[in-house]
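Got the sequence and the 3D view open? Let's take a walk through them together, one stop at a time.

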Amino acid sequence: MEDYRRDLDALAQRGMLRFLRTVDGAQGPRVLLDGREVLLLCSNNYLGLAGHPRLCRAAADAALKYGSGSGASRLVSGSLALHEQLEQRIAAFKGTAAALVFNSGYAANTGILQGLSGPEDLIFSDALNHASIIDGCRLSRARTLVYPHGDVAALEDLMKKEQPRRRGRWFIVTDGVFSMDGDLAPLNELVTLKERYDALLMVDDAHGTGVLGDGGRGSGEEQGCLEHIDLHMGTLGKALGGFGAFVAAAQPIIDVLINRSRPFIFSTSLPPAVLGPALTAFELVDSEEGRRRRVALRRNREVFAAPLRAAGLDLCGSTTQIVPILTGAPQPTMDAAAALLERGIFVQGIRPPTVPEGRCRLRATVMADHDPQDLETAAATLVEILARRAQV
Ligand code: PMP
């Protein structure tokens with residue numbers, strides 16, 4: 001135990017110790033945090049569906065009808081009709097022949113990369129890809145070349161260099177919306193490269209699905225190249241207000257994953273109370289209500305980001321509902337987060353290893369059902385606190 005205590009002390013001394021807080025109530029614009037009401041500016045419940053009465057009812061109905069647990073892995077005790085209905089809905093949503101649900105985005109990214117690639121293969125991965133992609137690359141045992149963030153020219157240089165000694169399959173893997181920067185991958189340019197070099201393009205659209213594009217189909221729809229993406233990974237726990245994840249792709253890809261993907265094969269499948277609301281969430285995303293929520297989210301994002309930009313803060317190139325404010329070192333970042341919390345605003349400070357050294361930030365996330373007035377106040381408070389700290 002002494003060893004571990006020393007580790008924790010060392011983390012605390014560097015301003016790097018993490019701890020859990022208790023939130024009461026659904027992930028709405030305002031929550032009770034450790035018993036006190038605060039403005040929630042760090043939830044990925046972008047469309048505000050996590051507390052939607054229709055999703056809550058769907059969870060209860062599905063549990064009452066099909067039970068509380070799925071019993072086993074789907075290869076062992078079979079798929080529920082709800083798994084199949086959800087996969088058909090997801091495939092239609094992303095415009096692919098098939099889809100497969102996973103137990104989380106983490107399980108999906110590790111399972112897709114491990115299931116589809118091996119030691120003969122080569123993965124090109126953006127430098128700011130999510131940790132679950134990094135771990136998936138490791139699990140796959142494929143050679144992985146990391147290209148500088150969003151740098152298509154550097155990626156092509158790498159591909160050109162590798163071409164003469166090519167052996168196995170090639171993959172380009174990228175977040176659609178980068179989770180800590182809120183910027184978009186240059187998908188059209190990546191499509192050009194994947195066609196030129198005969199690679200498969202995998203897009204992790206955890207933060208774009210449900211949010212971007214007129215129909216909420218994600219960063220591919222937003223950039224007009226949805227049908228050219230080979231592997232659409234997305235999560236159900238963010239804009240869709242539930243839990244779990246999926247990949248939508250061609251049928252042979254899905255069939256290989258069913259046969260090889262270890263998180264899919266060796267884990268109990270999603271239960272009815274998760275599958276039911278996911279189906280309802282896709283219905284809502286596709287409806288007029290979904291469209292209204294996306295419009296409100298885009299408006300709210302501007303209400304919050306415009307004053308930050310005007311104050312000269314560095315928003316890390318964000319163009320989406322993820323609005324990071326660069327603060328640099330760990331301690332000032334956590335001090336600013338604590339000062340905001342004192343003023344009733346709950347924003348997370350983000351430190352390494354989630355972001356590179358020296359690139360700590362406050363990561364604010366905006367939701368469709370935030371009150372614009374609250375967002376204006378939050379932005380003004382943020383500017384005031386960061387300006388005061390800059391003077392110290
Ligand atoms: N990919 C990205 C880009 C993410 O931001 C996240 C979650 N933070 C995941 C994957 C993992 O998804 P989940 O939370 O469903 O495991």
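This is a predicted model: local features need pLDDT of at least 70, side-chain atom pairs count only at pLDDT 80 or more; totals for chains, interfaces and linings use all residues.

An unreviewed UniProt entry places the feature "domain: Aminotransferase class I/classII large" at residues 37-381.

Now find the ligand. There are 14 residues around the ligand, and Ser104, Gly105, His130, Ser179 and Ala206 come nearest. What kinds of residues make up this shell? They divide into three nonpolar, nine polar and two charged. The element that gives the most to the shell is helix 5 (residues 105-116), with three residues.

Next, pick out helix 2, which runs over residues 53-66. From its first C-alpha to its last, helix 2 reaches 20 Å, close to the 20 Å expected for its 14 residues at 1.5 Å a residue. Which residues of helix 2 are buried? They are Leu55, Ala58, Ala59 and Ala62. These four cover an arc of only 100 degrees around the axis, so they sit on the same side of helix 2. Here's the handy rule behind that kind of pattern: an α-helix has 3.6 residues a turn, so residues three or four places apart point the same way. Just after helix 2 comes Gly67, with a positive phi of about 95 degrees.

Let's hop over to Pro119, in the loop between helix 5 and strand 5 (122-126). Is Pro119 buried or exposed? Pro119 counts as exposed because it has 10 C-beta neighbours inside 10 Å, and the cut-off for exposed is 12 or fewer. Setting aside its neighbours within four places in sequence, Pro119 is in contact with Arg141 and Ala142. His149, 30 residues from Pro119 in sequence, is 24 Å from it in space, C-alpha to C-alpha.

Our last stop is Thr192, in helix 8 (residues 187-196). Thr192 has 15 other C-beta atoms within 10 Å, so it is partly exposed. Now look across to Val152: Thr192 and Val152 are 40 residues apart in sequence, and their C-alpha atoms are 10.0 Å apart in space.

Key
Residues are numbered from 1 along each chain as its sequence is written. A residue is near a molecule or strand if its C-beta atom, placed from the backbone, lies within 6 Å of it. Helices (H or I, at least four residues) and strands (E, at least two) are DSSP runs, numbered from the N terminus. Ala, Val, Leu, Ile, Met, Phe, Trp, Tyr, Cys and Pro count as nonpolar, Asp, Glu, Lys and Arg as charged, and the others, Gly among them, as polar. UniProt positions are given in the numbering used here, feature names are shortened, and annotations may be inferred rather than shown by experiment. The expected span of a helix is 1.5 Å times one less than its number of residues. A residue is buried if 20 or more other C-beta atoms lie within 10 Å of its own, exposed if 12 or fewer, and partly exposed in between; C-beta atoms are placed from the backbone. The arc is that of the directions from the helix axis to the C-beta atoms. Two residues are in contact if their C-beta atoms, placed from the backbone, lie within 7 Å.
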